[in-house]
Amino acid sequence: WKVGTGSHTPVIHPRKFPAGSDAKPGFQAPLPTDASRGARLLHFQDMQWGAPAWKLLEKYSKKRVVDLKIGTKDAETKKPKYSARADCSYKGTARKAPKMTEAFIMKLLIIVSTMGIMRLPARKYYWSHNILVGSTFIRAIMSQNQFEQGMRCLASFDPAKLVPRGDKKLPPPVGYDKMAKTRELDDLIMQRTLSSYCPEAKLANDECSEDHTSGKNGEGACITFNKDKPLKWATRVQSFNSLDGTRVVWQTMSCPLRVKSPHGATYESTMALAGLVHGMYGEGFEIGEDSAYTSPVQLVDMHTKFKWNCYGTVSWNRHGIPQGEVDGADTSEVSATAVRGECKSWTVVVKVGTLKVPLCFQLMMDNKLVRFLSTMHKPANPSNGEGSMKPRWNKTTREYMEVFIPPVKVAYDFGKVGCDLFDQFMALIATEFKTYHI
């Protein structure tokens with residue numbers, strides 16, 4: 001590593017689709033503009049799921065109807081067998097078994113999505129005829145009894161089949177997999193999603209964690225421990241998000257043990273996700289990521305194997321990060337009397353065979369010391385107009401001050417907007433009532 005100078009020139013790969021590909025950014029098939037609300041929502045879900053996924057749900061749901069003996073007197077139930085049930089039927093009779101066809105399952109998922117967008121205090125209110133509550137759209141699709149029976153029978157895997165979860169001593173995606181039961185459906189939806197939506201050039205690599213107390217209690221919930229958030233047991237999912245909030249590709253981080261891996265489980269997971277997107281949509285993506293994923297070896301491999309441009313915050317103890325005094329400058333701090341906006345940079349050129357990968361390591365003093373690593377940015381230099389000036393509140397003087405923000409931080413902050421948008425979308429459509437099997 002050397003102190004950064006103006007002679008450092010990053011290698012930025014241009015956006016390039018695979019040979020013979022006719023894909024273009026955005027939806028590969030347009031959404032209908034003159035159809036009804038229900039038809040547009042159904043078309044949107046079908047673009048992501050597709051016929052194979054619907055048929056898979058239909059097969060396992062029909063099997064569950066048989067296994068639970070739905071529609072017979074011997075049907076399994078968690079409710080006590082009162083002489084008069086809530087639906088005014090009497091002991092000795094049973095509700096009809098739902099027809100778990102593709103069309104019926106589509107309607108179920110549309111209702112669940114609608115319930116998340118239009119929040120009401122209780123499930124029964126969606127079928128109310130009161131002018132202040134209720135939904136004509138949902139009532140027109142199916143009755144409440146049909147919906148409850150359908151959700152009871154909905155299944156995305158064969159509960160009678162013993163599914164191996166893999167070797168606990170190996171990291172995901174090849175090792176232990178807590179989501180093994182639903183992996184068949186996940187893979188189908190993943191491929192359909194990728195083929196239906198082509199991301200823009202910029203993506204954000206981040207995780208989303210759904211608190212396990214939010215009501216998701218089905219077999220599909222993966223409760224795991226995140227060392228970066230010790231107070232939160234959650235479903236941890238790594239994902240590539242587009243800057244418009246669209247989740248492009250995802251994978252559950254479900255490794256329960258600290259396993260041996262050449263570069264760590266997050267490295268293996270990131271490279272696996274990048275391989276999926278690269279195989280379909282090619283080179284030249286810009287990936288912004290946080291310190292949980294950024295490392296020199298990961299940035300170099302993304303640059304050489306996929307020709308992707310990566311940057312992000314990085315931890316000081318990553319293998320390959322300059323430590324202590326390097327080339328006459330201390331990498332552990334900016335300065336003892338640093339002001340906000342002060343920056344220092346170090347550069348190095350990594351040789352992989354005949355390829356050369358320029359790396360730039362930058363320190364910036366904001367409200368705390370921030371470390372960045374990038375394959376596509378130059379050393380920060382406020383004198384040549386790079387970066388931007390942003391107002392920051394000074395607690396000492398009780399007024400705003402202009403702080404220099406280097407280009408790598410501008411790009412990093414902009415990329416995180418996509419992750420924040422996706423988290424807001426997920427919070428919007430989350431449903432809190434219990435769904436038994438999804």
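Residues are numbered from 1 along each chain as its sequence is written, and side-chain values use heavy atoms, with hydrogens and water left out. Because the model is predicted, local features need pLDDT of at least 70 and side-chain atom pairs count only at pLDDT 80 or more, while totals for chains, interfaces and linings use all residues.

I start with the core. By nonpolar core I mean a set of buried Ala, Val, Leu, Ile, Met, Phe, Trp, Tyr and Cys residues joined through side-chain atoms within 4.5 Å. Buried is under 20% relative accessible area, exposed is over 50%, and partly exposed is in between, with a 1.4 Å probe and protein chains only. The largest nonpolar core has 68 residues, and those touching the most other members are Trp49, Met100, Phe147, Phe240, Val277, Met302 and Trp308. Helix 2 (residues 102-117) gives the largest share of this core, nine residues. Helices here are DSSP runs of H or I, at least four residues, and strands are runs of E, at least two, numbered from the N terminus. Another core, of seven residues, lies apart from it and includes Tyr311 and Met376.

Next, the rings. Rings of Phe, Tyr and Trp (its six-membered ring) pair if their centres lie within 6.5 Å; planes under 30 degrees apart are stacked, over 60 edge-to-face, and the rest tilted. The structure has 10 aromatic pairs. Phenylalanine 27 and tyrosine 197 make an edge-to-face pair, 5.4 Å centre to centre with 70° between the planes. Phenylalanine 27 is in strand 2 (residues 26-27) and tyrosine 197 in strand 3 (residues 197-198), so this pair ties together parts 170 residues apart in sequence. Phenylalanine 27 is partly exposed, at 36% relative accessibility, whereas tyrosine 197 is buried, at 10%. Tryptophan 49 and tryptophan 54 are stacked, at 5.1 Å and 15°, and both are buried. Ring pairs also link Phe240, Phe285, Phe306 and Trp308 into a cluster.

Last, helix 7. How many residues of helix 7 (residues 296-306) are buried? Eight of its 11 are, so the helix is mostly covered. Among these buried residues are Leu299, Met302 and Phe306. Their packing partners include helix 6 (265-281) and strand 8 (286-289). Just after helix 7, lysine 307 takes a positive phi of about 60°.

Methods
Contact = heavy atoms within 4.5 Å.
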